[in-house]
Amino acid sequence: MARRSGAGASAAVALAVLAVAALRCAAELPLVEHPAKNDGSLSLLVIGDWGRKGTFNQSMVADQMGKVGEKLDIDFVVSTGDNFYEDGLTGVHDRQFEESFTSIYTAKSLQKPWYLVLGNHDYRGDALAQLDPVMRKLDERFVCMRSFVVNAEIVEFFFIDTTPFQLKYWTHPKDSHYDWRGVAPRKNYIANLLKDLDEAMKKSTAKWKIAVGHHTMRSVSDHGDTEELLQLLLPVLKVNGIDFYINGHDHCLEHISSRNSPIQYFTSGGGSKAWRGVYQPNDDKLQFFYDGQGFMSLQLNKDQADFIFYDVSGKVLYEWTSRKTNHFQPSIYVTAE
Ligand SMILES: *[C@@H]1O[C@H](CO)[C@@H](O)[C@H](O)[C@H]1NC(C)=O
């Protein structure tokens, strides 16, 4: 497959749009094909909880992402949601799109597709706006869908719309209005989504399988674990041999290992406002926790996955490597460092 870099963003997005159009009639999750590099490897950055018009160090994090993105020759960027604060976008013409996204992530290395999910704050505005393909006319990088699959050959990413899972947004919205157009009723939406995810995961032959959602599965910070996800989503990830679950929601950087499965949990939610000062241990094994701003990089090849967390000045805070020692038994892991 052709290598996609530099001017590859528009080609990849055009491909994405085609793939989505082709599959919309089938009852399947939208699929985006994003080929790996020629040598089969892939690198990307993960950022979450960011859109604040550059404030709360958003711009500093963006600058460092640009530098690291250049160094790692990234293929794309993943956003774990809460893309625009406080209440998502007001519509497709909201200037915040430009002020918090286009004019902030300006580095050359970041001119690649951005694959984004919605967070709970995005649901407090016009949730359909970010999902509207019209946004790609304003900035061709912006590929936001509710739940979808990105197939990058050695790895398949399952992007999951987690906001509808949290019961309290439905039953106790407080002063917030959640835009449930296209979602309600909750029960049907979740049942269909879990079925679609299970089917997509079962079909996947990729060496690595990664799930991405906004909400925490396991977290030691402010929001803690998300019970609804542990109950409803985690079993689907476990049964399908998902390697990693990557999320935002808590404004920090974390790595937690599960005690009863090979799944590793990564929080990258340090895109802007952070420093909540909350630490509440849970039952799983905490490997790393940083309560400030920053972001994560992920480099993959068929044998190895390297995770790195960076702070607001680009300093490496933590590195972790996962290796698949036997290609025919993907559930055997060796942890280095
Ligand atoms: C921005 O980053 C600096 C350096 O780490 C930190 O001291 C400061 O508190 C941060 N500002 C905010 C608003 O979080």
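These notebook entries record what I looked up in this predicted model.

**Ground rules.** I number residues from 1 along each chain as its sequence is written. The model is predicted, so I take local features only at pLDDT of at least 70 and side-chain atom pairs only at pLDDT 80 or more, while totals for chains, interfaces and linings use all residues.

**Overview.** I began with the whole protein chain. The secondary structure comes to eight helices and 16 strands. Both are DSSP runs numbered from the N terminus: helices are H or I with at least four residues, strands are E with at least two. Next I looked up burial. Of the 337 residues, 45% are buried. Buried means 20 or more other C-beta atoms within 10 Å of the residue's own; exposed means 12 or fewer; partly exposed lies in between, and C-beta atoms are placed from the backbone. Then I turned to contacts, which are pairs of residues whose C-beta atoms, placed from the backbone, lie within 7 Å. Among contacts between residues at least 6 apart in sequence, 74% join residues at least 24 apart.

**Annotated site.** Which residues does the UniProt annotation "binding site" cover? The unreviewed entry lists Asp-82, Asn-120, His-214 and His-249. They span 168 residues in sequence, yet no two of their C-alpha atoms are more than 8.3 Å apart, so they gather at one spot. I note that UniProt positions follow the numbering used here, feature names are shortened, and annotations may be inferred rather than shown by experiment.

Asp-82 counts as buried because it has 30 C-beta neighbours inside 10 Å. Leaving aside neighbours within four places in sequence, its contacts include Asp-49, Asp-122 and His-214.

Asn-120 came next. Its loop runs between strand E4 (114-116) and helix H4 (127-131). With 21 C-beta neighbours inside 10 Å, Asn-120 is buried. Not counting residues up to four places away in sequence, Asn-120 touches Thr-163, Gln-166, Tyr-169 and His-214.

**Ligand.** I looked up what surrounds the ligand: Phe-56, Asn-57, Trp-275 and Val-312. A residue is listed if its C-beta atom, placed from the backbone, lies within 6 Å. This shell holds three nonpolar residues, one polar and no charged. Here Ala, Val, Leu, Ile, Met, Phe, Trp, Tyr, Cys and Pro count as nonpolar, Asp, Glu, Lys and Arg as charged, and the others, Gly among them, as polar.

**Helix H8.** I followed H8 along residues 227-239. Its 13 residues reach 18 Å from first C-alpha to last, close to the 18 Å expected. That expected span is 1.5 Å times one less than the number of residues. Where does H8 kink? The kink, about 45°, lies at Leu-233, shortly before Pro-235. I take the bend as the angle between axes fitted to the seven residues ending there and the seven starting there. The buried residues of H8 are Leu-229, Leu-233 and Leu-237. Their cover includes strands E7 (155-160), E8 (208-213) and E9 (244-247). Just after H8, Gly-241 takes a positive phi of about 65°.

I found a cis peptide bond joining Tyr-85 and Glu-86, with omega about -10°. Glu-86 lies in the loop between E3 and H3. The bond from Ala-184 to Pro-185 is also cis, with omega near 0°. Asp-49 is not a glycine, yet has a positive phi of about 60°.

Note on methods: Two residues are in contact if their C-beta atoms, placed from the backbone, lie within 7 Å.
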